[in-house]
Amino acid sequence: MTDITSEDSRKALCNPTTEAVRNSLSRRNRKQVLLQSFGIAAILFAMGMLFILLGSIISSGYHAFTQTHIQLEVYVDPEEIPADGLPRGGFNDVLAAAMAVHFPGIDLADRVAKRELTSILSNGAQFILRDKVVSDPSLIGQTISLSVPASDPYDQLNKGLVERDTPEQFRRIDDAAIARFDRLKELGMVSAPLNTALITNADSRFPELAGLKGALVGSFWALLVCFLISFPLGIGAAIYLEEFAPKNRYSDLIEININNLAAVPSVVFGLLALAVFIGWFGLPRSAPFVGGLTLALMTMPTIIIATRAALKAVPPSIREAALGVGASKHQVVFGHVLPLAMPGILTGTIIGLAQALGETAPLLLIGMNAFITSAATSPFDSATALPTQIFIWADSPERGFVSRTSAAILVLLMFLVTMNAVAIFLRSKFERKW
Amino acid sequence: MTAVPFIILLLAAIVGYAINIQAARAIRSGGDRLHSLEHFHGLFSLLLVVVPALTLVLIWLALQGSIVDGLVMSSLPSGVLDGLGSGQIQLIGAEIRSIAGGRIFGTPENWKLEAADRLLGYRQASGWLLVTVVTLMSLGLIFFARSKVAAEFRARQGVERITLWLMIFCAVVAIFTTVGIVAALTFETLKFFQRVPVTEFLFGLNWEPQIPIREDQIAAEGAFGAVPVFLGTIVIATVALLIAVPVGLFTAIYLNEFSPTSIRNVVKPILEILAGVPTVVYGFFAILVVAPAIRQFGQSIGVEVASNTALAAGGVMGIMLIPFISSFADDALSAVPRSLRDGALALGATRGEMMLNVLFPAAIPGIVGGILLAVSRAIGETMIVVMAAGLIARMTINPLDSVTAVTVQIVTLLIGDTSFDNPKTLAAFALGMMLFIATLVINVFALRIVRKYREIYD
Amino acid sequence: MFDTPHSAIDERLSDTKIAAKKVQVFYGDTHAIKDVDINIQPRSVTAFIGPSGCGKSTFLRCLNRMNDTIDICRVEGEITIDGEDIYDPKVDPVQLRAKVGMVFQKPNPFPKSIYDNIAYGPRIHGLAKNKAELDEIVSSSLQKAGLWNEAKDRLDEPGTGLSGGQQQRLCIARAIAVNPEVILMDEPCSALDPIATAKVEELIDELRTNYTIVIVTHSMQQAARVSQRTAFFHLGILVEEGLTQDIFTNPQDKRTQDYITGRFG
């Protein structure tokens, strides 16, 4: 009997909890669902923003991967371009004549009409012709067929970026100009081939001629200098701190210092470079060498931190085994630990270099945003870099530079994706589980 | 020409290595027992040659340019530089260098052509001198290293001592970087404060650094009250954090506790992509998409919005900071021991309650550390604000107004020609000093919190 | 501990609180628990013993579905508490865990005050209507856990500031505060010193008058001291289950005998 009463009393005792839980459960679960939906919303927001970012840049940038060209039959008139006058000559007039063939109503003596006509062609067209004739003077007196880039407004028109139904006064080209261009189109003289000039040309004031060669070369030199400095220095410092340094105040100080350096704003490194490298040491402005030096100082903490992590990941048993057979500490570290840690170190280095490749602010301060129309031949020449070129173009008012900027960003992102892919590949291929 | 000293160095290293190995072998085959293996004798020679000679070559090359330039400029005919400002003198130097490089524009004066010839001559002389010095030095060092080879010579210890010092040097470079930053900023900032009173800079409400370029105008015409600039940075950073902190935290909470592994495996790399996008790209995104969108939205509800608002710059910066905060918060949540999760669940807490009442509070120190680092990033971030924020300093906290920021001013003051005797240039360094101090304090504090927090649960 | 007459024990342990039938647990591809059948009596202490990795903790965690929190873990078979299938999809683990409390190997007080540690369960379940009721629950739980005298003056101090043994009793008090019917204990004394262990064992003995207690332990002496029934697990199999004194004095299975006499484990 006692069992039954205690059973009852126990049930009575426990009911409140079960009851309370049952009553509140749906409310509590709703709260949890709310929390989860906030989380999902946050993730969707972040991913949506990335999607919009990439989408807008791709949709504006892909236009720049083609370039409108005009196909011309040019009679290289010996009267305008005498062989003994090279490299001077009336190249522009020759091009105008080649255009005028197709527009019988236009009188080339009328300077305004002539300018309107040649404005379809890029300002660089005459130099393309000049270079061709200079390299082969026998062309004088012949008719050659020449494909030259169209100027930016017509390039935009051809790509459909100029709305033909906007009122004329809001357009950069008037109805007559559109009619002339359409005539060329009807004649089959307009084409839109792949824009190789985007990679093979250096910068230019004219969007249709501007390319990334100078920036690519500048970034290459800067990154090379950055790698050559930061890689050995970073590894050396990391090995010392991880394997050799006594644990005392000085190594603590170095450690704190490195962690802080990794978080110093990049623009401050620019100020350092400007004051010390350029101001005090008198190194040249705008040089990729100085840029690489600055980037190296910024990349070093990243490499040190990655290297230390990779060294730490090598299990002590390897060290003990090598020490046990009588190897010195140096032999253990350089002969066994370092090779095993190398994949991790390389991964960290590539990621650090990828960051350096996208770094802009310090390069602006040392003048790597100069307007330079030829690619650097050494790291001491003036140059731009990819990110600073993006900055310059983003600042330019011409419409054509909007899509060039996006295209340059796509090129930059392509390099970054490649570098990160290599890093991920290295990590997955050589990663060891101890 | 630049490559020649390096080639000599490489040859010397190989020769030294080979000679010492040969010598060591000879000793061993002579019947003596070597203390160190042969290749340590070789390495000893190699390091002994390369380290000093390479140092010499690098210093030489780094300084050659400015020394040669100095010589050329001081050899110019007297009178041509009289009455010119430092900027114009720099331009003349650049012109002479470009003539020497074969790029001639227009018809330069004769003395410039002569100077360019002299420049080429000096460069050539310096090059030959360097080659000679490097060759002699390498030979000397090779002989010295060779003379050390002996049966009882501790070549291994020698090699290890040299490498140890090389590594210490590498570690110290990090210190030098900090020292360099502090020295450069302090030096230029002090020069600035000699011209503009500290109190005006720190408390002045008017920032108009458009300093006259001509010498006869008075420098004091520009105003250097930095408060509106600081305020602009604070407004933009606040907007950024108001977006990044909630989105980042909710992302981390969801990924850490609720998301299926498959979603986590997709979302985490995508967030890493977001974190890897260079800031200049975010800046362009701000002016291409976000600013026009905000403007259009403002117009549609009848509010006039500036084209370079704090909202656009801060908003895009916030997007940039989302992965930063979410990964820090995710790490902090993961660092909370499993036993606390189990304890809460075993009491009958729902996973949501467990997260909000136990995990999240326990992770707060780590999360706060991460947010502080994000704050330091936000105030130090440059490209987004340079491209998307304004140039004019205004005393306003309205995010729909155009405001400027510390980093914007640093970049705009320093872009283009700079000379170090202009308060405009120096003002940038003073701003940089403020930025450095602020971020340093926040970083030290944040890193300490994060480190303490890790120790609690390790 | 064995001084109660046999018949009395048998009578009191006659009905079943928890019944497990053909329980299987898989961790990914590993078959961690194989075909376990066991009945656990109410208001008594049942000890699970066995060598490390035998599955005793895993099985314990099935009883309040703590294994649900591990993604790769899968439970098959049937476990009922008071005749109700706890793996029924209709059963919310939250509700189950309010009824089946758990104390862990390492004391795991939340980084909150002693008071908030105890009050946490009642708060989330809404067991107290007002502050006075909550105070009452906290003090009675601490009293039941034998911690009241040590803790009453420092209720606002963090629970992590207590000593190891006190922390573990705090965790027991925290579990009691929700008013569960079953308390699972996963090696609750393994992180404690002998004096603290003795106190916790004393507490377990007191608690069994009101709660069904299942304890996993490494120590056979502890099992003998605190439990009425003992189950011996080996390699994921329940080898033998019965009255504690029978298991220790007269094991039926060779493996149990070997383990008890210290041949392995």
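**Close-up views of a predicted model**

View 1. C:Glu150 counts as partly exposed, at 28% relative accessibility, where buried means under 20% relative accessible area, exposed over 50%, and partly exposed in between (1.4 Å probe, protein chains only). The structure is a predicted model, in which local features need pLDDT of at least 70 and side-chain atom pairs count only at pLDDT 80 or more, whereas totals for chains, interfaces and linings use all residues. Residues are numbered from 1 along each chain as its sequence is written, chains are lettered from A and ligands numbered from 1 in the order in which they are written, and side-chain values use heavy atoms, with hydrogens and water left out. C:Glu150 forms a salt bridge with C:Arg169, and the closest N and O atoms are 3.0 Å apart. C:Arg169 belongs to helix H7 (residues 164–177) of chain C and C:Glu150 to helix H6 (residues 148–151) of chain C, so the pair ties together parts that are 19 residues apart in sequence. C:Arg169 is buried, with a relative accessible area of 6%. A salt bridge here is a side-chain nitrogen of Lys or Arg within 4 Å of a carboxyl oxygen of Asp or Glu, while helices (H or I, at least four residues) and strands (E, at least two) are DSSP runs, numbered from the N terminus.

**View 2. Salt bridge between B:Glu257 and B:Arg351.** The side chains of B:Glu257 and B:Arg351 meet in a salt bridge with an N to O distance of 3.5 Å. This pair links distant parts of the chain, 94 residues apart, with B:Glu257 in helix H7 (residues 227–258) of chain B and B:Arg351 in helix H12 (residues 351–380) of chain B. B:Glu257 counts as buried, at 7% relative accessibility, whereas B:Arg351 is partly exposed, with a relative accessible area of 33%.

**View 3. Further salt bridges in chains A and C.** In chain A, the side chains of A:Lys159 and A:Asp155 form a salt bridge (3.0 Å, N to O), and both A:Lys159 and A:Asp155 are buried. In chain C, a network of salt bridges links C:Lys17, C:Asp82, C:Lys99 and C:Glu181. Over all chains, a search of the whole structure finds 33 salt bridges.

View 4. Most residues other than glycine have a negative phi. C:Arg43, although not a glycine, has a positive phi of about 45°, and this residue lies in the loop between strand S2 (30–40) and strand S3 (45–49) of chain C. C:Leu235, also not a glycine, has a positive phi of about 50° and lies in the loop between strand S9 (229–234) and strand S10 (237–243) of chain C. C:Arg43 counts as buried at 19% relative accessibility, while C:Leu235 counts as exposed at 58%.

View 5. For chain A, UniProt (unreviewed entry) lists residues 332–354 and 407–426 among the spans named "transmembrane region"; UniProt positions are given in the numbering used here, feature names are shortened, and annotations may be inferred rather than shown by experiment. Residues 332–354 of chain A are 100% helix and 0% strand, with end C-alpha atoms 31 Å apart, and residues 407–426 of chain A are likewise 100% helix and 0% strand, with end C-alpha atoms 29 Å apart. For chain B, the spans listed by UniProt (unreviewed entry) under "transmembrane region" include residues 42–63 and 273–294. Residues 42–63 of chain B are 100% helix and 0% strand, and their end C-alpha atoms lie 32 Å apart, whereas residues 273–294 of chain B are 91% helix and 0% strand, with end C-alpha atoms 25 Å apart.
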